[in-house]
Amino acid sequence: MATSSSCSSLKQHFLVFLIVIIRSIINSPVNGCFTSIFSFGDSLTDTGNLLEISISESTKTPHSAFLPYGRTFFHHPTGRFCDGRLVIDFLAETLGFSFLPPFYGSKSGKWEKFQKGANFAVASATALNSSFLAEQGIHSVSTNISLGVEVNSFKHLLPSLCSSSSNCKELLRKSLIVMGEIGGNDYNHAFKQGKDIDNIQRLVPLVVDIISSSINELIELGAVTFLVPGNFPIGCSPSLLTKFHGSEKDQYDPLTGCLTWLNQFSQHHNELLRKELENIRNLHPQINIIYVDYYKAAMPFYQSPKKFGFKETLKACCGIGGLYNYDPLIYCGYPPLKQCCNDPSSYISWDGIHYTEVVNKWLAHTVFEELMNTIPRLRSLCPSSTVNKLRILYPMFGV
């Protein structure tokens, strides 16, 4: 018969063994699910592209290149429009990748660093071509890069990553494509430049069509798995709340303080996008297209802020002036605005336009939830180790 001391010793050894296993699952890269990640979009996904472009083209340095940007995680500015990590950073980390390197500013002879992925997202990028928007009287800010330019840059890079068409198709078959969020700047530029809502509404099907055509273009090249986020509740953005400050009382949601009509605009975009993604699924049933509902994910932050630890929902952490602590003429990072709130994790908005790192982390949870909901179609790509890792990191999803 085993003694109590020997049973205790066995339990201790088993506990140590279990801890070692759990740590190895969490810390080891999940490289069997996807071999690379390629990302497209705007400032919500830009990991340094606009900064690299400004350096290579000797243009004005973006305010994301200065503190307090980057203070929370990196402790220095990286070109990200956030106090820390973006959704794409959390996605890369959990799937076992390093942070995606920005593509722009790199030299063609040094593209081997993109073997496991690249980020083509550029702050202020639009879905629609900048020349088309200019014809509508809508002018891009900071850059003339559009989604089409980003996709063409990817096509320019691709031959350096694979030696033949069949090899490229195999590379893309094992890659995750993150398409956006994109299109928000098409609307934001128009709203901030005083365009009529009816004219802006006419942009929505055009933006959705560009997203769709970009996905189809990548499908033709061999891509099979896409994450496609929708638009955020822009009626809760301090920048647009400031723009339309003084609107009639009945235009505000009494619970959240957000502008209802602007949020309805976001929902309209998302509804058209969902329908178009379903059309693509019907045309290409072998393709995995995962829609990420950022609107649905973000609204609880405004409706039940205390549940998530937020004390300020509609004010910018790094900002100055007015009801929403935002001034469109004074950017966070540029003098004199070098200071920010003491605790960014208690704020939803970082600089009046972009989210804080803690919000991005919550949104990343939504991304993984959508991935897990699509697991039946991803099981051929993702081994059980991926699911086990996500179970440990995100037990609330019950995968």
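Q: How many helices and strands does the chain have?

A: In this predicted model, the chain has 15 helices and seven strands.

Q: What share of the residues in the chain is buried?

A: Burial is judged from relative accessible area, and a residue under 20% counts as buried. Of the 399 residues in the chain, 53% are buried.

Q: What is the accessible surface of the chain, and what part of it belongs to carbon and sulfur atoms?

A: The accessible surface comes to about 18100 Å². Carbon and sulfur atoms account for 55% of that area.

Q: Among contacts between residues at least 6 apart in sequence, what share joins residues at least 24 apart?

A: Of the contacts between residues at least 6 apart in sequence, 73% join residues at least 24 apart.

Q: How many residues of the pocket lining are nonpolar, polar or charged?

A: The lining of the largest pocket has 18 polar residues, 13 nonpolar residues and four charged residues.

Q: Is the link of Cys 162 and Cys 168 right-handed or left-handed, and are the two residues buried or exposed?

A: The handedness is given with the angle about the S-S bond. For Cys 162 and Cys 168 this angle is 90°, and the link is right-handed. Both residues are buried.

Q: Where in the chain do Cys 317 and Cys 341 lie, and is their link right-handed or left-handed?

A: Cys 317 is joined to Cys 341 by a disulfide with an S to S distance of 2.0 Å. With -95° about the S-S bond, this link is left-handed. Cys 317 and Cys 341 both lie in the loop between strand 6 (312–316) and strand 7 (347–349), and the pair links distant parts of the chain, 24 residues apart. Cys 317 is buried because its relative accessible area is 3%, and Cys 341, at 10%, also counts as buried.

Q: Which parts does the disulfide of Cys 318 and Cys 332 tie together?

A: The sulfur atoms of Cys 318 and Cys 332 are 2.0 Å apart, and the two residues form a disulfide. The angle about the S-S bond is 95°, and the link is right-handed. Cys 318 and Cys 332 lie in the loop between strand 6 and strand 7, so the pair ties together parts that are 14 residues apart in sequence. Both Cys 318 and Cys 332 are buried.

Q: Which cysteine sulfur is nearest to that of Cys 340?

A: A relative accessibility of 1% places Cys 82 among the buried residues. As for Cys 340, the nearest cysteine sulfur is that of Cys 317, 4.3 Å away, and Cys 340 is in no disulfide. Cys 340 counts as buried because its relative accessibility is 18%, and the cut-off for burial is under 20%.

Technical notes
Residues are numbered from 1 along each chain as its sequence is written. This is a predicted model: local features need pLDDT of at least 70, side-chain atom pairs count only at pLDDT 80 or more; totals for chains, interfaces and linings use all residues. Side-chain values use heavy atoms; hydrogens and water are left out. Ala, Val, Leu, Ile, Met, Phe, Trp, Tyr, Cys and Pro count as nonpolar, Asp, Glu, Lys and Arg as charged, and the others, Gly among them, as polar. Helices (H or I, at least four residues) and strands (E, at least two) are DSSP runs, numbered from the N terminus. Buried means under 20% relative accessible area, exposed over 50%, partly exposed in between (1.4 Å probe, protein chains only). Contact means heavy atoms within 4.5 Å. Accessible areas come from the Shrake-Rupley method with a 1.4 Å probe; for residues, only the protein chains shown count as cover. A disulfide is a pair of cysteine sulfur atoms within 2.5 Å.
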